[in-house]
Amino acid sequence: MSKQGSDSGGEAQGFANAKPGTGPDTVPAAPNNFIIGLIEEDIANKRYSRPICTRFPPEPNGYMHMGHAKAVTIGHDLAERFHGLFNLRMDDTNPAAEDLEYVEAMQRDVEWLLGKSLEGRVFHASDYYPQLYAYAEQLIQKDHAYVEELTAEQIKEYRGNYHAAGRPSPFRNRPPEESLRLFREMRAGKFAPGERVLRAKIDPASPNMNMRDPIVYRILTDVHHRAGAWHIYPMYDYAHPLSDAIEGITHSTCGKEFANHRPLYDWFLEKLEIKEPPRQIEFAEIGITGIVLGKRHLRKLVEQKIVSGWDDPRMPTIRGLRRRGCPQAAIWQFCRELGVSNSSPGEVHVDRLEHAMREVLNRTSPRVMGVLYPLKVVIENYPDDRVETFDVIKNPENPADGTLSRPFSKELYIDRADFMEDPPKKYHRLSPGKEVRLRYAYLITCTGVVKDPATGEVIELRATYDPLSQGGEPADGRKVQGTLHWVSARHALHAEVRLYDSLFTPEVEQFEKSERPIEEFINPASLEVLTDAVVEPSLRGVAAGERVQFERVGYFAVDPDSTPERPVFNRTVELRDKKFSKIFQK
RNA sequence: UCGGGGAUCGUCCAACGGCAGGACUCCAGAUUCUGGCUCUGGAUAUCUAGGUUCGAAUCCUAGUCCCCGAACCA
């Protein structure tokens, strides 16, 4: 295994990663969806003279999570399919909520998911402020916008509600010259927040609330992390269509919650006479059972130290998943298998994410031996000082990965879970008098059990081995059902293993409706730290980010907290063990 | 009940007037030096009621249910 790890959850790593087999291209392409159909129509109708261009427009006010990942895969796959371009655009129009920290993290996470640099395709809405401002003046001059003097409360009151039409503001028909002068004064910082606002002049009585003279610019004293102090900042509904247009976006995909905003999106483009305007297409966002994605909730978990940080392996953030060991390909596979629809948003089972992880990890992870709960076994008829080395294949799914050497000696560790004094029927593992195979090594038979006289706890096993079964194959061809993983005690490397379970309790499905705080839905057993695990010596010095399969246990990733002499492994996902658990159910 | 959107296996997605199919999950079996992987077989769905049609998940009418929307958030 490589000691030059590159795909770790650590902060130092950028987009560069891709262990063989874990990039987006190693997983089946996205199936057709309705958006592809719409774009094909646009191409057939020659709607655009420029290449197809999509974008992912996050607001940099939190860390990237699975919801964002879905949007990235959709946009990127669309661009790829039509040989077009894909942009990352920071939708940074609200300096009060955004931060440079998030901007940088967002880009790194997107690039990690993509497995490549975004080179010249990273944009910022804030870079368009001058152009956006000029467009606003045009709007005013064309009498499509006016400066409002009503207070926020008054505006709300004038706007009406679902059942009552709004009334026009008394400032609605002020002359464009006056609005223009006031707008420039807003820009110059002459007013305090809330004193003035620029409004689009559309229809105060529209049945679509978004069209009731929406606010275009508001005054904010915050200094933008990138653009500096502008005093006035554009609203999403205004900045978004125009940013799309400026960038040459053709198809602007977003969640269905923005469907009501589409008339407004189109209105700005039309009034500003944008040629070949971009087109907004909404798709159904999807939730994942047992997972909360809301940014402010995730932030709370970090701030209250309920988790160790945004990259806590239990977090549904991209860097959390990454630190836990989830390969990009698993996220791509998950998102692509989900498909894209415009039906009502639904909830997908976490199972599918885990299934995707197993699929990719099975293909790509070296098999190693790791014992989580060590139980010593002494092979009584094995010479005291003898050490044999077995060369084993790294990954049977991928023989090209080569082999690994594994030492064997008289004293070994096996897993406590692999021994039962009084086993149920169909239990294939070790018990007194029973013979099992030590994988790739020898057949052994349990000949004795050593117990702590005080507690009665099993502290050691005695066994004999069959010298004619070297490599694990008995000379007489007899069938041995059980195969155990093991680590030579003398050569064992001590390790810490962190077992993760769902961060939230199943009741979290009621979280949104319950109005109870998120803390009440945290699974108290979401993290179990094992400090006494042992692993085979080939793992000495593994690099953070390396992913392995502990045979018969699960997939694990090396945590950045590791030291060369004491690696730390995060459990990414368990192996399926349905059949085994079933023998205990009866 | 003001506007917008949507209803297909338990879940997610196909089928675009012509045999309702795939994936996850579940069940049964085969194989196996990982109780993994792989393979085989099986189970489960067109919201309701009318209509058009040789033929409807698809088109029409009515109804029901669900989601989104009244930030100077995105």
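Colleague: Of the atoms of RNA strand B within 4 Å of the protein, what percentage belongs to sugar or phosphate?
Modeller: This is a predicted model: local features need pLDDT of at least 70, side-chain atom pairs count only at pLDDT 80 or more, and totals for chains, interfaces and linings use all residues. Residues are numbered from 1 along each chain as its sequence is written, chains are lettered from A and ligands numbered from 1 in the order written, and side-chain values use heavy atoms, leaving out hydrogens and water. Bases account for the rest of these RNA atoms. Sugar or phosphate accounts for 59%.

Colleague: How many residues surround RNA strand B?
Modeller: A residue is near the strand if one of its heavy atoms lies within 4 Å of it. The closest are K256, R367, H428, G471 and Q549. The number of surrounding residues is 69.

Colleague: How many residues of the surface near RNA strand B are charged?
Modeller: Asp, Glu, Lys and Arg count as charged; Ala, Val, Leu, Ile, Met, Phe, Trp, Tyr, Cys and Pro as nonpolar; the others, Gly among them, as polar. The surface has 23 nonpolar and 22 polar residues. The charged residues number 24.

Colleague: How far is a polar side-chain atom of S341 from a phosphate oxygen of RNA strand B?
Modeller: A polar contact is a pair of N or O atoms within 3.5 Å. Y236 makes one through a backbone N or O atom, 2.9 Å from a phosphate oxygen of RNA strand B. A backbone N or O atom of A152 lies 3.2 Å from a base nitrogen. For the side chain of S341, the distance to a phosphate oxygen is 2.7 Å.

Colleague: Which element gives the most to the surface near RNA strand B?
Modeller: Helices (H or I, at least four residues) and strands (E, at least two) are DSSP runs numbered from the N terminus. Those giving two or more residues here are α5 (152–159), β6 (215–219), β11 (347–348), α12 (350–364) and α14 (578–582). With five residues, the top contributor is α12.

Colleague: In β5, what is the bridge partner of Y146?
Modeller: Two strands pair if DSSP finds at least two bridges between them. An open antiparallel sheet runs β4-β5-β6-β7, with β4 (145–148) and β7 (232–234) as edge strands. Four bridges join β4 to β5 (residues 197–200). The partner of Y146 is R199.

Colleague: How many residues apart in sequence are the parts tied together by Y133 and F183?
Modeller: Phe, Tyr and Trp rings (for Trp, the six-membered ring) pair if their centres lie within 6.5 Å; planes under 30 degrees apart are stacked, over 60 edge-to-face, the rest tilted. Y133 and F183 are stacked, at 5.0 Å centre to centre and 15° between planes. Y133 lies in α4 (residues 129–141) and F183 in α6 (residues 176–187), so the pair joins parts whose separation in sequence is 50 residues.

Technical notes:
Polar contact = N/O pair within 3.5 Å; in protein donor to acceptor, adjacent residues only side chain to side chain.
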